[in-house]
Amino acid sequence: MSRPDAKLTDALAAGTPIPRDSEGPVFAEPWQAQGFALVVALQNRGVFTAQEWAEALGAEIREAIAAGGCRDGSDYYERWCEALEHLLIAKGLASHDGVDALAAAWARAAEATPHGSPILLENDPQRA
């Protein structure tokens, strides 16, 4: 399991209860730490409550399991992102079309980015 960059983790996790083991923060990928920190920051800012978050995440996990998804937890942070997306849409802070358009822009940016270079949204050839 890889560990997120220490500076990134420290910046995201300052005062945030991020899961840790004896070696530090534990995430399979850096984006998981970022997603975790984003949810905590939004919750701390009152965008949604802990109860709303628990219900949203639980619903996503139940739905994935009912559809035959992973039962071993390997898709946990995918469910985390789905829950965040759906919760922000339900609160009127995002839209399905907006999320889909942004995901498509990131996919185009990734396709247009030379191997080994950072993927930046600015690399989307359709970006105005």
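Select E52 to begin: with a relative accessibility of 27%, this residue counts as partly exposed, the class between buried (under 20% relative accessible area) and exposed (over 50%), computed with a 1.4 Å probe on protein chains only. The model is a predicted one, in which local features need pLDDT of at least 70 and side-chain atom pairs count only at pLDDT 80 or more, while totals for chains, interfaces and linings use all residues. Residues are numbered from 1 along each chain as its sequence is written, and side-chain values use heavy atoms, with hydrogens and water left out.

Helices here are DSSP runs (H or I, at least four residues), numbered from the N terminus. K91 is also partly exposed, at 36% relative accessibility.

By the salt-bridge rule the count comes to 3. Move to D124 and R108, whose side chains meet in another of these bridges at 2.8 Å, N to O. D124 lies in the segment after α5 and R108 in helix α5, so the pair ties together parts that are 16 residues apart in sequence. D124 is buried at 6% relative accessibility, whereas R108, at 26%, is partly exposed.

Then select R79 and D75, which form a salt bridge with the closest N and O atoms 2.9 Å apart, and both of these residues are buried. From R79, step across to I61 in helix α3 (residues 50–66): the C-alpha atoms of I61 and R79 are separated by 6.1 Å, although the two residues are 18 apart along the chain. Leaving aside residues up to four places away in sequence, I61 touches Y76 and R79, where contact means heavy atoms within 4.5 Å.

Y76 leads on to the aromatic rings, for ring pairs link F27, F36, F48, W53, Y76, Y77 and W80 into a cluster. Rings of Phe, Tyr and Trp (its six-membered ring) pair if their centres lie within 6.5 Å, and planes under 30 degrees apart count as stacked, over 60 as edge-to-face and the rest as tilted. The count comes to 8 aromatic pairs. One of them, F36 and W80, is stacked at 5.4 Å centre to centre, with 15 degrees between the planes.

How values were computed: Helix = DSSP H or I, 4+ residues; strand = E, 2+ residues; numbered from the N terminus. Salt bridge = Lys/Arg side-chain N within 4 Å of Asp/Glu carboxyl O.
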